[in-house]
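Dear colleague,

Please find below the structure I am handing over to you, together with its sequence. My findings follow directly after it.

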Amino acid sequence: MERRKFLKGAAIAGTGAALAAPAIAQSGKTMTIVSTWGRDFPGLGISAQRLAERITELSQGELRTEYFAAGERVGAFDSFDEVASGNSQAYIGAEYYWAGKHPAFTYFTAVPFGMTVPEHNAWIKYAGGQELWDKLSAEFGLKAIMAGATGTQAGGWFNKEINSPEDLNGLKMRIPGLAGALMSKLGVSTVSLPGGQIYENLVSGSIDATEWVGPYNDYFMKFYEAAKYYYTAGMHEPGAALCLGTNKAWWDSLSAHEQAIITAACYEEHAAQAEEASANNGAYLARLVDDHGVQTRTFNDDVWDAFGEAAAEVFEETRDHSPMAAEINDDYQAKMREIGGWRAVAEIEYSNQRNRILGIG
Ligand code: CA
């Protein structure tokens, strides 16, 4: 609240300053942003609101953002059409929500057995990922920038233990994107609900299981009231990236300076969100266990192997969708092996040895 007041004050001060420079006042633009997250939604919603405020702040009012949370202007999953049509200038959300528009959008959030946050960042910014993203987005009149990362997501909340691939058969689970398609191959009935609707469906028994993000974000969702088993590492979102997607015609109409401001604000929030989660996940996992009786579990190798076999089928099906889907999949898989190969023998090897010797984890 204090921050909002301060920013309002800053925006007014900015307007005042602009009076002395009419050129800036005349070029001031309204940037309407819709979101897939609810108002004040813990973690993701607050991050999106912070990004919207930051664009106004950094641009000193040159770009005045108007932020609408999910349901305030359009529904969460209507954000894509709202921006593609030009009714609003931008959305904040996760690209895999648009898998129904084109399955390749999923690669720009996360795919099963895909890249972690540092790997994904490297691909997008320095190894050709952004160019492929731009090519895909342009087909829908959009241009997107990374603007949030959750880190490696937890396997999810289950109302029973999963000790074999057969235990997944018949389960109803909220899990979006290609991971949902993967789980379907193992007999799971999957749904892709917006974050704000998961709790009620879990409590009512409409679903038996859900994934969300990780301990810090999940803590506030209160899923532990309906599902006690919390699986730690999952295959489904190893480094989920969120984004700000703009209407491409609008984006192209901006000055290089305005584009730079939006990009800088997005990258700042991209880093901040992942760092905030990293700083809090360990402490919030302890609170879930100690205060709410949550029982942590890990999937065994049989379950992981079944995930792996199903993933291979999902990627083949995705490639078959279109030349664009095949191009993006193949580049993603190749770059992951290249970027991840060094990390495996450097950071991962180091982390494994450190944790073994110091007894971490
Ligand atoms: Ca998730």
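For the helix packing described here, axes are lines fitted to C-alpha atoms over the stretch in contact, with angles running from 0 to 180 degrees between N-to-C directions. Please note that this is a predicted model.

On that basis, the axes of helix 3 (residues 44-58) and helix 11 (residues 256-292) come within 9 Å and cross at roughly 150°. Angles over 145 degrees count as roughly antiparallel, so helix 3 is roughly antiparallel to helix 11. The crossing of helix 3 past helix 11 is right-handed. On the helix 3 side, the residues that meet helix 11 include Leu 44, Arg 50, Leu 51, Ile 55 and Leu 58; among their counterparts in helix 11 are Ile 261, Ile 262, Ala 265, Glu 269 and Glu 276. Sorted by class, this contact has nine nonpolar, two polar and five charged residues.

Beyond its neighbours within four places in sequence, Ile 262 is in contact with residues including Met 31, Ile 55, Leu 63 and Trp 250.

Finally, Lys 29 lies in strand 1 (residues 29-35) and is partly exposed, at a relative accessible area of 24%. Leaving aside neighbours within four places in sequence, Lys 29 is in contact with Glu 62, Leu 63, Arg 64, Leu 254 and Glu 258.

Yours sincerely

Terms used:
Residues numbered from 1 in each chain as written. Predicted model: local features only at pLDDT ≥ 70, side-chain atom pairs only at ≥ 80, totals over all residues. Heavy atoms only, no water. Helix = DSSP H or I, 4+ residues; strand = E, 2+ residues; numbered from the N terminus. Parallel < 35°, antiparallel > 145°, perpendicular 65-115°, else oblique. Left-handed = near helix turned anticlockwise from the far one by under 90°. Contact = heavy atoms within 4.5 Å. Nonpolar A, V, L, I, M, F, W, Y, C, P; charged D, E, K, R; others polar. Buried < 20%, exposed > 50% of the residue type's maximum accessible area, 1.4 Å probe, protein only.
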